Amino acid sequence: MRRTTLFDVRVLAAPVALAALLLAAPRAEATCGSTACFLTTRTQDGALTRGTFRFDLSYRYVDQSRKRFEGSSTDEVLTPGVNFAEGVIEPDHHREIRTGFHVLQADASYGLTSRLSLLASVPLVSAKHHEHVVIEDGEEHFTDGDGTTGFGDLQIGARYAFLPARSDLVLVTGWLKLPTGAHDKLDTSGEITEPSLQPGTGSTDLTGGLQYSHQLGTPGSEVFLAAGYRHNGTSDLDYHLGDETQAGIGYGRRFGMRWTGNLQLNLRHGARDRYSSDGVPSTGSTLLNISPGLRWQMTSLLDAYVFLPLPLLQHVNEAQLAPKIGVVAGFSRRF
């Protein structure tokens, strides 16, 4: 009987998050600007004026098809499966081929005061198309029907702005992720599919971050630094996604009256997943990415943007698929 499979699709989040960071250069005093607050991967400006509402709708895609063994390329990605029915990890269960990750995401923020903003974010549609070869009783069976589509996990949070100098901004952000998305959808054989392919994680998670932005002498230019940590909870299936540590550095500059270019480096380390207190093989990674991006100010209140996350360094535990390329595109509107 076919068992549920697992591989670390969580590394998809790294380049997608990376692209989302690189939005607007500040318009007045230092704002979060082109960081758009790295840790939370939101596209809103970091500090909103009191009573201002911002809504963002974005499409995100990642092609996860690079076969990696630790820090090198490999011809085969042989990974384990998780049998939730029997509570065991099955080694060398299947060969990974690729995963396509699609998300339609909505982000919103509201300036409660001139320094404090309330935040919300949710994947309205999370679709994952997955291809692998299952090894069962010495036979290999190809399948591409074990992906899922559904509503993701809602995140709510708050962000507070400190202004240590006229050209500087420090932002402290906290997020609470709620298990609103399904985490127990079935695969083609009628068993719970792998956790990384589910629309949600089934856990309640906490994220904290710190961002610093500095305006340069050239009008519309800034540099920024960001760091954060995400503590993931454990689902009712007794599965725990590894905690994440992230850091980023970047530069943004406005060209003309309507265009802003951005470039950012991001480092993300994801710890190994755990199931029933046991480490799950072929999970956990360290990723370094670079993302060029471009924003177009269509009107004084409406922006359009596109970003292309590209991998620079990928080190995974054991064998895994890693991101090959990503795209983030969307619109951001202030009210």
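Are Arg60 and Asp107 buried or exposed? I began with this pair and found that both residues are buried. I note here that the model is predicted.

**Entry on Arg60 and Asp107.** I looked up the contact between the two side chains and found a salt bridge, with 3.8 Å between the closest N and O atoms.

**Entry on Glu318 and Arg272.** I next recorded a salt bridge between Glu318 and Arg272, whose closest N and O atoms are 2.9 Å apart. Glu318 sits in the loop between strand S19 (310–316) and strand S20 (319–334), while Arg272 sits in the loop between strand S14 (259–270) and strand S15 (274–275), so the pair links parts that are 46 residues apart in sequence. I then checked accessibility. Glu318 has 30% relative accessibility and therefore counts as partly exposed. Arg272 has 29% relative accessibility, so Arg272 counts as partly exposed.

**Entry on Asp303 and Arg295.** I found a further salt bridge here, in which the closest N and O atoms of Asp303 and Arg295 are 3.1 Å apart. Asp303 is buried, and Arg295 is buried as well.

**Entry on a network.** Which residues do salt bridges with shared partners join into one network? I listed Asp153, Lys177, Asp205 and Arg230 as its members.

**Entry on the count.** How many salt bridges does the count come to? I noted ten salt bridges, counting a side-chain nitrogen of Lys or Arg within 4 Å of a carboxyl oxygen of Asp or Glu.

Note on methods
Residues are numbered from 1 along each chain as its sequence is written. This is a predicted model: local features need pLDDT of at least 70, side-chain atom pairs count only at pLDDT 80 or more; totals for chains, interfaces and linings use all residues. Side-chain values use heavy atoms; hydrogens and water are left out. Buried means under 20% relative accessible area, exposed over 50%, partly exposed in between (1.4 Å probe, protein chains only). Helices (H or I, at least four residues) and strands (E, at least two) are DSSP runs, numbered from the N terminus.
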